[in-house]
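Me: I would like to go through the terms used for this model and ask what each one rests on.

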Amino acid sequence: MLRSIVTDLPAFCRSANNVAPKISRHYATEATFKIMPYRLHKFQSGPKEEATVTRDDAIKMYKNMQTIRRIETAAGNLYKEKIVRGFCHLYSGQEACAVGMRSAMRPADCIISAYRVHGWTYLMGVSIAGVLCELTGRKTGCARGKGGSMHMYSKNFYGGNGIVGAQIPLGAGVALANKYKGNGGVCFALYGDGASNQGQVFEAYNMSHLWKVPCIFVCENNGYGMGTSAERSSSNTAYYTRGDALPGIWVDGMDVLAVREATQFAIDYATKTGPLVMEVFTYRYSGHSMSDPGTSYRTRDEVQEVRQTKDPIMLFKNKITESGLVSADEIKKFDAEIKKEVDAATALSKSDTEIELKELTTDIYSANIEPKVRGTHVNQQFPHASLKRAVNL
């Protein structure tokens, strides 16, 4: 696994790779970078192997990745303090996947994923406090503290789902709904290499192909399904080829610009033609969950080498500073602002109160047929505006 992550990619990625940046007022307004070649299945051609990014977009992508990293660090610490209970799956190391996809998504596009979704929840419109307070079970959480780590939702975000692979047919259904409505949106159905061998994944491929639904099946290949390496669990680790009749594309998931370009390409195909598979090749720094130290099936040296040579935030920061899009002083300023915001949200997640007992059985339906649900004495309505928005998509 270490060989494929470290030697397969980065002699290519360690140089600045910028081409003729446009300069204005002592900083570049945009720059173009080379991208590691994509791998294609049933495609004659793929996205361009270079990406142009503006200064504003570069700043936004950097801030989003750094914010997600800070959120996950805070979540891990809260878990260690036993303030976050139950399951907690961190996304550290995979930030370029979510931020790259989100950068290409349009207002009508939807996403559904598994349970490693604190960062996605933030990207889809929930505040940092809304994420961390949900983790600690407090009322400011995006689901009023009822959902926790594995059940977060917002508009066009159909949540993290705890049943391995179950979100894939659900994502195909969301894509079918988009087609039925005629809103032009696609659905990203995300899963890991650990879920890739589920029968329902292939059933969803098949049905989506027959119905030509605009679904992008995204395998976030982080190398390990729980504690089992991809090589030990899958006879075919080229996950982008496993859709059979569905075309596929492989992308370096540690390069946020490569993911953005591949996603734009995938959206265009899915909108016009139908479903496809996209594999984003990435890595997770933590174990499968906080209860997994992640060192029994891989070495600390492996994790450290990826951190030092392929960290998505470090690679992108080097690109945008060396090309003149952003200065080192600006990066320090952004980092300080993000740390301050996450620290404040962390403090709130500890001090915020929980919902009252009578509210536990509310928020079941947006419009309940019966005026009451057994065991509660409050009207079956949404007390929290964000939850109502989440259901009335």
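**Contacts, cores and helices**

Reply: To begin with, the model is predicted. Leaving aside its neighbours within four places in sequence, F188 is in contact with M101, M105, D109, C110, I111, I112, I216, V218, T263 and I267.

Me: What makes these residues contacts of F188?

Reply: Contact requires heavy atoms within 4.5 Å, and the partners of F188, among them M101 and I216, are in contact with F188 in that sense.

Me: Which residues touch the most other members of the largest nonpolar core?

Reply: That core has 54 residues, and M101, W120, F188, I216, M278, F316 and L325 touch the most other members. Helix 9 (residues 256-272) gives the most to this core, with nine residues. There is also a second, separate core of 21 residues, including A172, V174, C219 and Y239.

Me: Why are the buried residues of helix 10 said to be on the same side?

Reply: The buried residues of helix 10 (residues 300-310) are E302, V303, V306, T309 and K310. They cover an arc of only 150° around the axis, so they lie on the same side of helix 10. R300, D301 and Q308, on the other side of helix 10, are exposed; exposed means over 50% relative accessible area.

Me: What is the handedness of the crossing of helix 5 and helix 12?

Reply: The crossing is right-handed. The axes of helix 5 (residues 128-135) and helix 12 (residues 328-351) come within 8 Å and cross at roughly 35°. By class, their contact has seven nonpolar, two polar and one charged residues.

Conventions:
Residues numbered from 1 in each chain as written. Predicted model: local features only at pLDDT ≥ 70, side-chain atom pairs only at ≥ 80, totals over all residues. Heavy atoms only, no water. Axes fitted to C-alpha atoms, helices over the stretch in contact; angles between N-to-C directions. Helix = DSSP H or I, 4+ residues; strand = E, 2+ residues; numbered from the N terminus. Left-handed = near helix turned anticlockwise from the far one by under 90°. Nonpolar A, V, L, I, M, F, W, Y, C, P; charged D, E, K, R; others polar. Buried < 20%, exposed > 50% of the residue type's maximum accessible area, 1.4 Å probe, protein only. Arc of directions from axis to C-beta. Core = buried A, V, L, I, M, F, W, Y, C linked by side-chain atoms within 4.5 Å.
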